[in-house]
Amino acid sequence: MLGTFRDYTEIDAFSEVVGKRYINEFYGQDTWKAARRLTVDYGVRFLWYTPWYSSQPAAVFAPDRYDPAKAPRLYQPAVVNGVNVALDPVTQQMLPNVYVGSFVPGTGHRYNGMVSSSDTNYPKGFRDNQGIEPEPRAGIAWDLAGDGKTAIHASAGLYHNPHVNANGMDAMARNPPAQNTPSIFYGTMDTLLSSGAQGAFSNRPSSVFGIERDAKTPESFNYSAGIQRELGWGTVLDVTYAGYQLKHAEMSTNINVVPDEARFLDIHPENRNPQNASSAKPNEFLRPYSGYQDITIRSHFGTAHYNSLQVQLNRRYTNGLQFAVAYTLAKTISLGSNGDPPSYIPNRPGDAWNVSPYESTQLHNLVVNYTWDVPNGSKLWDNWFTRGALDGWQLSGDTAVVSGDWSGASTSTTDNVDFTGGDAGTRPRISGDVLCSGGDNCDPTPGNPGSYFNISAFSRLTGRGDYGNAPRSFFRLPKIVNSNISFFKNFAVGGAKRIQFRWEMYNVFNQVNWSVLNTNAQFNPAGEQVNANFGKATQARDPRIMQAAIRFTF
């Protein structure tokens, strides 16, 4: 044991969260029998709440509090007498190279832009109270013919989601100055334990977290209209249009990514690294907010809209049989990728880059479920054995045929070309139908020669400044077909006592349902797609699972 290490990191405070908030709701509602066949329900709900806050130390980054003139200096990369060193560009102080990108002590304000929970100019929880928010709602039901068999129904209402920001409190508690994380790079235990070792700690820029102060409460305007018809035999058919409009949804944005062209030295020669003339300086020197790495801000500007056709056929439990058939045709268009919260990339064209189908909405969703009391077998041969073995069985199950989730794709090159000169990212360049159509070559099974994609629809980025034209999500993953079946048998053993035998089978037909594909299109310098696994499955949903149980009731 030599006692050497690559890096040593410690925290100077324990991050603790004791979350608190207050929420109050009250409402008024009324039902108006406008006519014998027309009923109107209406009312309004009122919401008042305080943002989540912690009674323990916390902090957030506030862009309006950041002053570029107060950013601390960073030790720059330099070469002195053929040796790579860290250099203070003002005092010419030299330190070992591991200090490149570290703060120069005594310069600027290390917590430039940070707001502490002790700041009396900021509200508790770092967010303004939004006051009392009304939520009007109304619905109607109209007996079309007056015979109780056909009804038209419609509803609309405004809903708010005050349950935001709770999971952000952990990040606030880990922000400086509530918690600092000093580090030493490339040292020895002798150095670490020697007197004055504190001066060897390399105080480097860190990633921080912030929230929008005047964040509006996420709100959704939901609406539906449909017709319901009793068909007889205990069966009801319902056809409904349903949708919503969402706004002020919470979004996550990194405002401190390396901007486009920052690494293109012919455009920004000031960014050249003197220790390697063909490359740019480390990221610490290229970000717009000097003194920090990533700065993630949660703001409430997200939008989405949902539209669906919903058809349901339900038979209530009658004569030992119940079943339901439900089909939904739906699509959600949202701003920002799937996540909690969704992420938004400001360095790319707004709608073209960030708006697309929401990943978790299935276009087609058909589900059939049923419960059947199997006729007693003793009716055919009645004795104590057949009554015990063939009577009292129940069969239930469901089958789902569902479109796959929406997804996007990524791109890379074998020669590692930097097309943008920044960190905002790229996507593939696509044209035509991206999915394979027809033939065995569309099989994404690993080891087979096929691909889920039409590979010719993907191409290498054309050159500098091309970040691709693919939307965030532009194709659907393979469909899901799944059936579950359960058998139940009750044995009476005297009085109220009974034993129930259960046998349950999930994915009973052992259908292979691919859930994840390799979606990285990789190109060589000649523009050929060379990822042999592109469009092949990498993960499947659960195979057949069976379980048995015996339950004794007394």
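Mentor: A pocket here is an open set of grid points with protein on both sides within 12 Å along at least five of seven lines, and a residue belongs to its lining if it has an atom within 4 Å of a point. The model is predicted, and the values below are computed from it.

Start with the space itself. The largest pocket holds about 480 Å³. Its lining is made up of 29 residues, and those nearest the centre are Asn161, Leu246, Ala249, Glu250 and Pro342. Sorted by class, the lining has 13 nonpolar residues, 13 polar ones and three charged ones.

Next, consider which strands supply these residues. At least two lining residues come from each of strand 12 (150-160), strand 15 (219-232), strand 16 (235-254), strand 19 (292-318) and strand 20 (321-335). Strand 16 contributes the most to the lining, with five residues.

The second largest pocket can be described in the same terms. Its volume is about 320 Å³. It is lined by 17 residues, and Tyr452, Arg476, Leu477, Pro478 and Lys479 are the ones nearest its centre. This lining divides into 10 nonpolar, four polar and three charged residues.

A cavity is another matter, because a 1.4 Å probe fits inside it but cannot get out. One cavity of 30 Å³ or more turns up in a search of the whole structure. The largest cavity has a volume of about 80 Å³. It is lined by 15 residues, with Tyr49, Pro51, Arg127, Pro162 and Val164 closest to its centre. Six of the lining residues of this cavity are nonpolar, five are polar and four are charged.

Tyr49, from the cavity lining, also brings in strand 4, which covers residues 38-49. Strand 4 runs antiparallel to strand 3 (residues 23-35), and 11 bridges join the two. Together they form a hairpin with two residues between the strands.

For another example of strand pairing, take the open sheet of three strands in the order 7-8-9, where the pairing is antiparallel. Strand 7 (76-80) and strand 9 (94-96) are at the edges and each has a single partner strand, so one side of each has no neighbour in the sheet. From one strand to the next, the twist averages 50°. Strand 8 (residues 83-87) is joined to strand 9 by three bridges, and leucine 87 stands opposite methionine 94 in strand 9.

Technical notes:
Residues are numbered from 1 along each chain as its sequence is written. This is a predicted model: local features need pLDDT of at least 70, side-chain atom pairs count only at pLDDT 80 or more; totals for chains, interfaces and linings use all residues. Side-chain values use heavy atoms; hydrogens and water are left out. Two strands pair if DSSP finds at least two bridges between them. Helices (H or I, at least four residues) and strands (E, at least two) are DSSP runs, numbered from the N terminus. Grid points are joined across faces, edges and corners, and a volume is the space filled by probe spheres set on the points. Ala, Val, Leu, Ile, Met, Phe, Trp, Tyr, Cys and Pro count as nonpolar, Asp, Glu, Lys and Arg as charged, and the others, Gly among them, as polar. Axes are lines fitted to C-alpha atoms, for helices over the stretch in contact, and angles run from 0 to 180 degrees between N-to-C directions.
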